[in-house]
Amino acid sequence: MPAPDAPAVPVADGEARAVAALDASGLRYRLVRHGRVRSLAEAAAARKVSPSQVIKTMVVRRGDDDYLFVLVPGDRQISWPLLREVLGVSRLSMPDADVAREVTGFERGTITPFGSTRPWPVVADARVAGRAVSIGAGAHGVAATLDGSKMVLALGATVADITEPEPQG
């Protein structure tokens, strides 16, 4: 019998769920398998894209059992005031790793809106559209490279300026 805190959907099937969702979306993509990486620079080099083309998928809590995916270019971070303004809310938070896994079916570092166990809304930074991007595909060291504009359309994402540069250092 699984432990009470075990995910309802095994994390190991994350890649299969993500790839099935990508296939079902009709998007053209290239799957890249590169093994675990320790930094944005390593991920970008392994995927043969610039760091700004690596898209981080963040899970954000808006309220009780109300989450969303936020797509952020690798060299940027969420601007909480901008995101709150776009969403029309006064409070947002990041769930811990266990809650993120529970509400998406993915462990932290593998989260993607493609194949999530629940279809949360998606907000994408305006810099995601208009170029090729690389987004995680449900497992460590697996990513899909695809057209960012077509991806945000397929996800029904709200597209807005919601990020700021990562601090240097």
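Figure 1. Buried means having under 20% relative accessible area. Glycine 115 has a relative accessible area of 13%, so this residue is buried. Like every view here, this close-up comes from a predicted model. Glycine 115 sits in the loop that runs between α4 and β5. Look around this glycine and you will find Arg17, Ala18, Ala21 and Phe106, which Glycine 115 touches when residues up to four places away in sequence are not counted. Now look for glutamate 85: glycine 115 and glutamate 85 are 30 residues apart in sequence, and their C-alpha atoms are 28 Å apart in space.

**Figure 2. The largest pocket and its lining.** The largest pocket has a volume of about 640 Å³. Its lining is made of 29 residues. Which of them lie nearest the centre of the pocket? They are Arg47, Lys56, Thr57, Gly109 and Thr110. Helix α2 (40-47) and strand β2 (54-63) each supply at least two residues of the lining. The largest share, six residues, comes from β2.

**Figure 3. The largest nonpolar core.** In soluble globular proteins, nonpolar side chains tend to be buried together. Here, the largest nonpolar core has 24 residues, and Leu71, Phe114, Val128, Ile135, Leu146 and Met151 touch the most other members. At least two residues of this core come from each of β2, β3 (66-73), α4 (97-104), β5 (122-125), β6 (132-136), β7 (142-147) and α5 (148-154). The largest share of this core comes from β3, with three residues. Apart from this core lies another one, of ten residues, including Val60, Leu68, Val72 and Ile162.

**Figure 4. Threonine 145 in strand β7.** Threonine 145 is part of strand β7. Is threonine 145 buried or exposed? Its relative accessibility is 12%, so threonine 145 counts as buried. Setting aside neighbours within four places in sequence, threonine 145 is in contact with Arg28, Tyr29, Arg30 and Val32, as well as with Val133 and Ser134.

**Figure 5. Pairs of opposite charge.** Side chains of opposite charge can pair when their charged atoms come close. The count for this model comes to ten salt bridges. In one of them, the side chains of glutamate 42 and arginine 38 meet at 3.3 Å, N to O. Glutamate 42 counts as partly exposed because its relative accessibility is 30%, whereas arginine 38, at 77%, counts as exposed. A salt bridge also joins the side chains of aspartate 66 and arginine 62, at 3.1 Å from N to O. Aspartate 66 is partly exposed at 24% relative accessibility, and arginine 62 is partly exposed at 27%.

Figure 6. Arginine 127 forms a salt bridge with aspartate 125, and their closest N and O atoms are 3.0 Å apart. With a relative accessible area of 31%, arginine 127 is partly exposed. Aspartate 125 has a relative accessible area of 0%, so this residue is buried. Can you find the third member of the group? Asp161 is linked with Asp125 and Arg127 in a network of salt bridges.

**Figure 7. Leucine 153 in helix α5.** You can find leucine 153 in helix α5. Leucine 153 counts as exposed because its relative accessibility is 69%. Leucine 153 and alanine 129 are 24 residues apart along the chain, and their C-alpha atoms are separated by 9.2 Å.

**Figure 8. Two loop residues with positive phi.** Lysine 48 has a phi near 60 degrees, a positive value in a residue other than glycine. Lysine 48 belongs to the loop between α2 and β2, and at 74% relative accessibility this lysine counts as exposed. Aspartate 65 has a phi near 50 degrees, again a positive value in a residue other than glycine. The loop between β2 and β3 holds aspartate 65, which counts as partly exposed at 48% relative accessibility.

Note on methods:
Residues numbered from 1 in each chain as written. Predicted model: local features only at pLDDT ≥ 70, side-chain atom pairs only at ≥ 80, totals over all residues. Heavy atoms only, no water. 1 Å grid on protein atoms, 1.4 Å probe; cavity = no way out; pocket = protein on both sides within 12 Å on 5 of 7 lines; lining within 4 Å. Points joined across faces, edges and corners; volume = space filled by probe spheres on them. Helix = DSSP H or I, 4+ residues; strand = E, 2+ residues; numbered from the N terminus. Core = buried A, V, L, I, M, F, W, Y, C linked by side-chain atoms within 4.5 Å. Buried < 20%, exposed > 50% of the residue type's maximum accessible area, 1.4 Å probe, protein only. Contact = heavy atoms within 4.5 Å. Salt bridge = Lys/Arg side-chain N within 4 Å of Asp/Glu carboxyl O.
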